[in-house]
Amino acid sequence: MNKPFQTPIVLLGARLLSPYIMLFGWYVIIHGHYSPGGGFQGGALLAASILLIRVAGGRRVAQLQIKEFATTPLAVVGVSIYFAAGLVAVAMGGYFLDYGMLPIPGMDPAWLRYTGILIIEVGIGLAVMAILVMIYDNMVRGEDYG
Amino acid sequence: MIESHLPAYIALTFLLFSVLIPAFGIWRDELSQPLAVIGSGLAAGFSIYGFYSYLQLGSIRYFFGGWEPPIGIEFVYDGLSGFFALVINTVAFFVIIHSNKISKREFPGKEMPYYALAMLMMLGFNGMVLTGDLFNLYVFLEIASLAGYAIIAIGDRQAPYAAFRYLIIGTAGGTLYLLGVGFLYTVTGTLNIIDMSAMLPQFAGSTAVVAALILMIVGIGVKAALFPMHGWLPDSYTYASSSSTALIAPIGTKVAAYILFRIILWLFGVELTDAVVPFTYIVGVLACIGILYGSIMAIAQSEMKRMLAYSSVSQIGYIIMGLSLANPWGFAGALLHVLNHAIMKAALFMISGQIRFKEGHSSVNMFDDTYRKKYPWTMAAFTVTAISMVGLPPLAGFFSKWYLALGTIDNSNWLFLAVILISSLLNAVYFFRILEKVYMMNPDKGQKEAADAERDEFSGSMLWPTSILAFSLIVIGFANAIIVGVLLNIFPM
Amino acid sequence: MADFFLGHYAYWFTIILLCIGLYGILFKKNLIKKTIGLAILQISVVMYFVSVASKWDATVPVLDPNIPVDQVANYLNPLPHTLMLTAIVVGVATLGVAFTLLIAVYNRYETLDEEELIDKIQ
């Protein structure tokens with residue numbers, strides 16, 4: 001996976017498909033609190049869209065989409081969104097992850113819980129995407145040793 | 001206010017620091033170890049304060065997200081989980097302080113991932129100890145296990161293969177535990193431990209419940225290194241780095257023993273466990289075979305870490321034998337042995353890491369009596385810990401074996417009593433062998449070699465944790481009546 | 001007798017998959033085949049939980065205004081599906097760690113066959 005494929009057709013197909021898969025991944029994440037979907041599934045789809053370009057294009061093309069060192073900060077940001085949502089609930093006097101206590105103005109507790117789940121699903125989706133891409137990058141880098 | 005949030009704070013501190021360590025570690029690599037020390041220190045402080053407030057106020061139930069128990073997930077901070085949280089967090093704090101210099105020597109440049117993984121592993125262990133929901137326990141079990149596999153693989157040449165074998169066996173065990181949870185969910189419809197323990201007595205003879213019990217005991221027995229399922233332990237502990245072993249060995253098997261305590265004594269209860277097949281007796285017999293096997297194999301080893309690994313197999317057998325007795329003295333003896341063994345094994349693995357740091361090896365055949373001149377305090381700590389492992393009064397190890405023996409006498413289980421006594425003799429063989437090499441002069445060699453060696457003692461960050469842990473065994477030995485008084489109150493019947 | 005096999009076909013399916021997974025872990029010599037056996041073992045437990053959640057003539061657990069919520073026999077049980085989501089992610093993470101370890105083993109020993117590995121380690 002370090003070097004690209006011999007034919008340009010594979011990269012052309014991947015370039016056409018990848019944005020639509022990424023859009024569908026965001027669609028699945030945002031629909032998670034209302035219908036089947038959610039953070040894990042959407043994050044896996046997002047990772048699939050990124051890995052498609054990495055497999056088809058090789059390492060140098062992949063750096064144009066998401067650089068290799070950017071995945072660790074993305075994962076940290078994803079987990080921090082989850083953790084911050086929980087801590088804000090504790091700071092407002094509730095239990096950890098009690099979305100009914102989030103300080104968003106103008107919503108009653110049922111809508112607050114609805115929105116709270118959406119926030120953590122976005123965080124989980126980012127973290128899952130970053131970590132799956134990080135696993136792939138590590139394995140490809142392991143081919144160079146020995 | 002802070003007391004009611006304590007169960008969550010103990011686990012969440014580790015989650016917070018496992019996010020902070022990569023965030024700061026990418027910027028500056030040498031910040032990882034101090035952040036890890038701060039994180040485990042905070043958690044240890046919360047655990048000590050929490051156990052103190054448990055003794056005043058009673059147990060705490062913490063509902064995540066505000067949802068009440070049968071619907072939501074809860075953390076239950078009662079006597080058993082508070083005690084285990086106290087033990088594992090305090091020991092982890094000392095080990096992480098000690099790992100400062102060793103991590104720079106054994107795996108330079110990989111400190112940020114190592115400490116982030118260590119924080120995640122402690123999150124998993126604390127979550128397992130505190131949770132009150134069976135599926136949540138599986139999730140934390142897998143978090144701790146995956147971080148453990150990765151930490152073990154950071155080591156010398158054979159570490160990845162040992163970590164791979166541990167991964168296959170450990171994940172199969174976790175999956176069998178999950179299938180057992182599935183059977184219990186099908187029968188009762190709930191996953192909460194307190195709720196399910198009220199519902200289970202009406203299903204006493206049902207095949208699904210018996211099958212679930214077998215699957216859970218086998219699955220968790222893999223993690224606890226119960227006798228036939230201990231095969232991963234010697235290789236994993238030997239080839240991992242010294243500070244990794246010092247972190248995993250005192251804590252990992254104890255937390256799995258905690259799960260067995262919860263399942264057999266709290267969730268099922270002794271009458272339901274023994275209703276169809278006498279499981280407590282079978283688990284006790286397996287534990288006894290494990291004790292003898294571990295001690296005999298430890299005598300045959302020539303390398304110190306491998307010897308200590310087989311000794312761990314033997315000592316976890318004591319704890320599970322105390323569980324299988326199911327009477328107050330056995331229970332108190334088992335929990336006291338959890339505390340003692342965590343401290344003793346952490347001290348021993350830290351000492352072997354120190355010797356490996358200076359000498360480059362830890363093979364027992366190459367120890368000689370220059371060590372008592374070069375490392376006087378380290379060898380003193382080793383002597384105290386070794387005498388406590390054998391079980392001589394007034395050190396702590398004697399009292400835990402004493403209460404276990406009282407438990408076996410209460411049950412008229414003379415086989416278990418004989419196993420305790422014989423294995424103490426076997427422990428004496430492999431520990432006194434090292435003491436003989438270090439302290440007693442070899443009459444063939446001249447006196448000159450020993451007199452030439454200069455004092456080369458370790459620096460403070462490695463010496464203080466070892467010495468504090470080793471000499472605390474004397475304190476626990478003298479204070480054992482108070483500790484056992486608290487432990488006897490925890491027993492659920 | 002027929003009811004023992006046909007009435008519980010979901011459980012038989014789960015147990016046969018579990019035994020295939022255990023066979024793969026125990027008796028295959030190549031390390032990658034052991035990992036595949038582990039994956040099959042984990043999937044069999046996922047299948048068990050999902051089969052527990054199903055009911056006759058029930059619809060997906062998304063609120064339909066025509067079917068009131070307190071007639072629970074009309075909605076599938078969503079809790080095992082939620083639990084299995086987490087279990088699948090745990091399986092993915094385990095496979096990730098397993099393959100990384102296998103790459104490290106291959107880079108050091110040049111083989112992934114267990115008997116050759118044991119000879120080379122000794």
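Which pattern does chain A follow when read along the sequence? Chain A follows the pattern α-α-α-α-α.

## Model and confidence

This is a predicted model, in which local features need pLDDT of at least 70, side-chain atom pairs count only at pLDDT 80 or more, and totals for chains, interfaces and linings use all residues. Residues are numbered from 1 along each chain as its sequence is written, while chains are lettered from A and ligands numbered from 1 in the order in which they are written. The scores of the model are ipTM 0.95 and pTM 0.94.

Confidence is expressed as pLDDT, the predictor's confidence in each residue, from 0 to 100. For chain A the mean pLDDT is 86, and 97% of its residues reach 70 or more. Among the elements of chain C, helix 3 has the highest mean pLDDT (94) and helix 1 (residues 2-6) the lowest (81).

## Chains A and C

Helices (H or I, at least four residues) and strands (E, at least two) are DSSP runs, numbered from the N terminus. Chain A contains five helices and zero strands. Its radius of gyration is 18 Å, well over the 15 Å that the globule rule gives for 146 residues, so chain A is more spread out than a compact globule. The radius of gyration is taken over C-alpha atoms, and the globule rule is 2.2 Å times the number of residues to the power 0.38. The C-alpha trace of chain A spans about 60 × 35 × 20 Å along its principal axes.

Chain C likewise has five helices and zero strands, and its pattern along the sequence is α-α-α-α-α. The radius of gyration of chain C is 20 Å, whereas a compact globule of 122 residues would have one near 14 Å. Along its principal axes, the C-alpha trace of chain C spans about 65 × 40 × 15 Å.

## Contacts of chain C

Two residues are in contact if their C-beta atoms, placed from the backbone, lie within 7 Å. The contact between chain C and chain B takes 25 residues from chain C and 22 residues from chain B. On the side of chain C that touches chain B, the elements giving two or more residues are helix 3 (31-53), helix 4 (78-109) and helix 5 (114-121) of chain C. Helix 4 of chain C gives the most, with 13 residues. By class, this side of chain C has 20 nonpolar, three polar and two charged residues. Ala, Val, Leu, Ile, Met, Phe, Trp, Tyr, Cys and Pro count as nonpolar, Asp, Glu, Lys and Arg as charged, and the others, Gly among them, as polar.

Chain C also touches chain A, with nine residues of chain C in contact with eight residues of chain A. Here the side of chain C has five nonpolar, three polar and one charged residues.

## Helix packing in chain B

Two packed helices are described by the angle between their axes and the distance between the axes. Axes are lines fitted to C-alpha atoms, for helices over the stretch in contact, and angles run from 0 to 180 degrees between N-to-C directions. In chain B, the axes of helix 2 (residues 32-57) and helix 4 (residues 111-130) come within 9 Å and cross at roughly 15°. Helix 2 of chain B is therefore roughly parallel to helix 4 of chain B; angles under 35 degrees count as roughly parallel, over 145 as roughly antiparallel, 65 to 115 as roughly perpendicular and the rest as oblique. The residues that meet include B:Ala36 and B:Gly39 in helix 2 of chain B, and B:Tyr115 and B:Ala118 in helix 4 of chain B. By class, this contact has six nonpolar, four polar and one charged residues.

Helix 3 (residues 79-106) and helix 14 (residues 328-359) of chain B pack at an angle of about 0°, with their axes 10 Å apart. These two helices of chain B are therefore roughly parallel to each other. Among the residues making the contact are B:Phe83, B:His98 and B:Arg105 of helix 3 of chain B, and B:Leu335, B:Gly353 and B:Phe357 of helix 14 of chain B. The contact has 14 nonpolar, two polar and two charged residues.

## Backbone features of chain B

Most residues other than glycine have a negative phi, and most peptide bonds are trans. B:Ala326, in the loop between helix 13 (304-325) and helix 14 of chain B, has a positive phi of about 55° although it is not a glycine. The peptide bond from B:Pro393 to B:Pro394 is cis, with omega near -5°. B:Pro394 lies in the loop between helix 16 (376-390) and helix 17 (396-410) of chain B.
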